[in-house]
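Please read the numbered paragraphs alongside the sequence and the coordinates.

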Amino acid sequence: MELKIGRLELRLAAGKKQPTVQELGSTGTVNYSGFLYEEYNQELIGRKGIEMWDKMRKSDGMIRAILLALELPIRSAEWYVDDNGGKAPKEAVEFLNRALFDEMSITWSEFLKHALLMFPFGFSVFEKVYKYEAGYYFWKKLAPRLPKTVYK
């Protein structure tokens, strides 16, 4: 027996069953109305959970030390847009460097500080705010939206 899937051809030995072409399993993620319920400890779910994670990161020295060990190498790195060994157009590289590091009203360091909230909270959300100048659109800022303000 022969089975074709796009360019892939499968030949099955005589008497063998055809493979199932539909998905049998699921992710197992429990999702009700946009909320995920996978946490064993119910104190760590939703708004209550965000308050608990925030309390732990601010009051437990060991957790703070671990978070700093994760954050500091990233925050202390030199950030720039690379030209890919001269392959990227010079104008594009200059534009991106200017847009990210010179034109935004929030500094790159401040952006990173908020982006790294993904470590204690599991996510970090930003709103892209634009400005128009000299025929170009720039990011005015990547405005942080703190975890406790996210509903779903």
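1. E94 is partly exposed, with a relative accessible area of 45%; here buried means under 20% relative accessible area, exposed over 50% and partly exposed in between (1.4 Å probe, protein chains only). The side chains of K90 and E94 meet in a salt bridge at 3.9 Å, N to O, a salt bridge being a side-chain nitrogen of Lys or Arg within 4 Å of a carboxyl oxygen of Asp or Glu. Both residues lie in helix α3 (residues 90-101), four residues apart, about one turn of the helix. Helices (H or I, at least four residues) and strands (E, at least two) are DSSP runs, numbered from the N terminus.

2. This is a predicted model, in which local features need pLDDT of at least 70 and side-chain atom pairs count only at pLDDT 80 or more, while totals for chains, interfaces and linings use all residues. Residues are numbered from 1 along each chain as its sequence is written, and side-chain values use heavy atoms, with hydrogens and water left out.

3. How many salt bridges does a search of the whole structure find? The search finds eight. In helix α1 (residues 46-59), D54 and R57 are three residues apart, about one turn of the helix. They form a salt bridge whose closest N and O atoms are 2.7 Å apart, and both residues are buried.

4. In helix α2, R75 and E71 are four residues apart, about one turn of the helix. Their salt bridge has its closest N and O atoms 3.7 Å apart.

5. The patch consists of M62, I66, L70, M118 and F119, with about 460 Å² of accessible area together. Patches are made of residues with over 30% relative accessible area and no salt bridge, like charges being joined within 9 Å and nonpolar side chains (Val, Leu, Ile, Met, Phe, Trp, Tyr) within 5 Å. Accessible areas come from the Shrake-Rupley method with a 1.4 Å probe, and for residues only the protein chains shown count as cover. Helix α2 gives the most, with three residues. M62 is found in this helix and counts as exposed at 58% relative accessibility.

6. A search of the whole structure finds eight aromatic pairs. Rings of Phe, Tyr and Trp (its six-membered ring) pair if their centres lie within 6.5 Å; planes under 30 degrees apart count as stacked, over 60 as edge-to-face and the rest as tilted. The rings of F111 and F126 have centres 4.7 Å apart and planes at 50°, so the pair is tilted. This pair links distant parts of the chain, with F111 in helix α4 (residues 108-115) and F126 in strand β5 (residues 125-133), 15 residues apart. F111 is buried at 14% relative accessible area, while F126 is partly exposed at 23%.

7. K148 lies in the segment after β6 (136-145) and is exposed, with a relative accessible area of 55%. K148 and G46 are 102 residues apart in sequence and 9.1 Å apart in space, C-alpha to C-alpha. Not counting residues up to four places away in sequence, K148 touches R47 and I50, contact meaning heavy atoms within 4.5 Å.
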